[in-house]
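Here is a short briefing on a protein model. Look over the sequence and the fold before reading on.

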Amino acid sequence: MRMNFINSTNHNQFFLSFFVLLFFSFLPLSLILGNLAININIVLIDLSLILYSVLLNDWKWTKTKLFKSLILIQIYLIFSSVYSIIFKIDHQYVYEGLYRSVGFIKYVIMVFSFSILDKLKIPLDFIIKIWSIIVVITIFDVFFEKIFGHNVFGFVSPDGSRIISFFKDEMVVGAFLLFFGLTATTYFIDQKNPKKIYKIFFNILIVLLPAAILISGERSNFIKAFIIFSILLTFIPEEKFFINKKKSLLGIFFGLILLFNFNESIRFKQTEFFSRIITSKNENSKNLLENIRYFAHYDVAWSIFKDNPLIGIGSKNFRWECHNEKYFKVDLKFTKMRCSTHPHQIHFDLLSEQGIIGYILILGILLNYTFRKLFYAYKNIEIFKFSISLYILTYLMPLLPSGSMFSTFSGSSLWIMLSLLYYLHEVKKDGNLSKNI
């Protein structure tokens, strides 16, 4: 009785395709709505891939090297959490880290989920168009809030130097725009002969997107955006630009300089990091960063790592271990504020919670895969693939403040991008992605 469900009736195929299309198109909105919506959406996408695989007995994705590598990460995370429960951690939320480690499977499956689009013949073009509309609306809202002091729904930022847009009390719109905006900017221009409307869209967005991230007040995401777009603009061929490429680059650069210099709040937000270093009166070179609150997170994470160098303290346990009195340092200015849900930097996060073994394992797998795809895209001048690879590498940059790769909002962006990268290289191998537009 196990019939080919997808091909048995057009009716069944239509409904499965409709819901899969809805789930993928809804991804940006789910990030705006919050953690519950993100998790539900990812689980629904995962279930769609599993349902398809069961009904057609198609499990090829589970036999790939990347899947086996990610499962190895999953096993290590569970081992680290169980080890911490038995030997290290003693608090009432002792099992939370284990739940997160087990729950990592949703990201493992997510990485291979875009392949179902190809199986169901759902064009990625339509999904990226929906993402692009949401990105454009969000960019407009960022500028609207900067001018009027509130977004179009009346949301007001609790920090006057930061923009919240549709995220209410979460100041992550810059991260959101960098994530989805990058795909919207580079996808449709990645054709041999892009339509005029796509060239116009690309040339407008290549200016507005970095500007919106700049005025969002998210310094770390603007630095990442600046790095990504600086590399992209030198990589993208001349014929993709309406105006001379050099003139376009100079125009964008001077535009950002003007925006930076003629708006006091933007200038203050982007320079306060250096001001805090300059105003430090501590002669100890290490404590030149004493006026930066994140440094207290980094310091305690490093101390936790030194006490647990091999395996770390397990997922989601930094938030509890940091309260230990032995990590209180009288000579560190923000030592009383050293605790948070995570260290706000991926490398310190991995070292403190997963130890050197987990650090090498996780970063080794991600960097090896991404660098190989980056060089391939560079060699073949594939803009979209190149931009996705760049995003993942800047996501993994050291020192810059960042979220956790296992958290809901920040983690989702990494694993969705890895999913796109896998889809583009292993499933949709032809360079002309938008041929069906």
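Which residues line the second largest pocket? The lining is made up of T64, K65, L66, S69, I365, N368, Y369, R372, Y422 and E426. This is a predicted model, in which local features need pLDDT of at least 70, side-chain atom pairs count only at pLDDT 80 or more, and totals for chains, interfaces and linings use all residues. Residues are numbered from 1 along each chain as its sequence is written, and side-chain values use heavy atoms, with hydrogens and water left out.

**The second largest pocket**

- Rolling a probe the size of a water molecule over the atoms shows where empty space is left.
- On a 1 Å grid over the protein atoms alone, a pocket is an open set of points where a 1.4 Å probe fits, with protein on both sides within 12 Å along at least five of seven lines; lining residues have an atom within 4 Å of a point.
- The second largest pocket has a volume of about 190 Å³. That volume is the space filled by probe spheres set on the points, and grid points are joined across faces, edges and corners.
- Three helices each supply at least two lining residues: α5 (65-87), α17 (346-379) and α19 (409-427). Helices here are DSSP runs (H or I, at least four residues), numbered from the N terminus.
- Helix α17 gives the most to this lining, with 4 residues.
- The lining holds 4 nonpolar, 3 polar and 3 charged residues. Ala, Val, Leu, Ile, Met, Phe, Trp, Tyr, Cys and Pro count as nonpolar, Asp, Glu, Lys and Arg as charged, and the others, Gly among them, as polar.

**Salt bridges**

- Side chains of opposite charge can pair when their charged atoms come close.
- The whole structure has 5 salt bridges. Each is a side-chain nitrogen of Lys or Arg within 4 Å of a carboxyl oxygen of Asp or Glu.
- E426, one of the pocket-lining residues, forms a salt bridge with K373 (2.8 Å, N to O). E426 lies in helix α19 and K373 in helix α17, so the pair ties together parts that are 53 residues apart in sequence.
- E426 is partly exposed at 30% relative accessible area, while K373 is buried at 11%. Buried means under 20% relative accessible area, exposed over 50%, and partly exposed in between (1.4 Å probe, protein chains only).
- D299 pairs with K329, and their closest N and O atoms are 3.0 Å apart. This pair links distant parts of the chain, 30 residues apart: D299 is in helix α15 (residues 293-307), and K329 is in the loop between α16 and α17.
- D299 is buried at 7%, whereas K329 is partly exposed at 24%.
- E382 and K385 also form a salt bridge, with the closest N and O atoms 3.0 Å apart. E382 is buried at 8%, and K385 is buried at 1%.

- E321 lies in helix α16 (residues 318-321).
- Leaving aside neighbours within four places in sequence, E321 contacts I304, I313, K326 and Y327. Contact means heavy atoms within 4.5 Å.

**Positive phi in loops**

- K316 is in the loop between α15 and α16. Its phi is near 65°, a positive value in a residue other than glycine.
- I381 sits in the loop between α17 and α18 (383-395). Phi of I381 is near 50°, a positive value in a residue other than glycine.
- I381 is partly exposed, at 47% relative accessibility.
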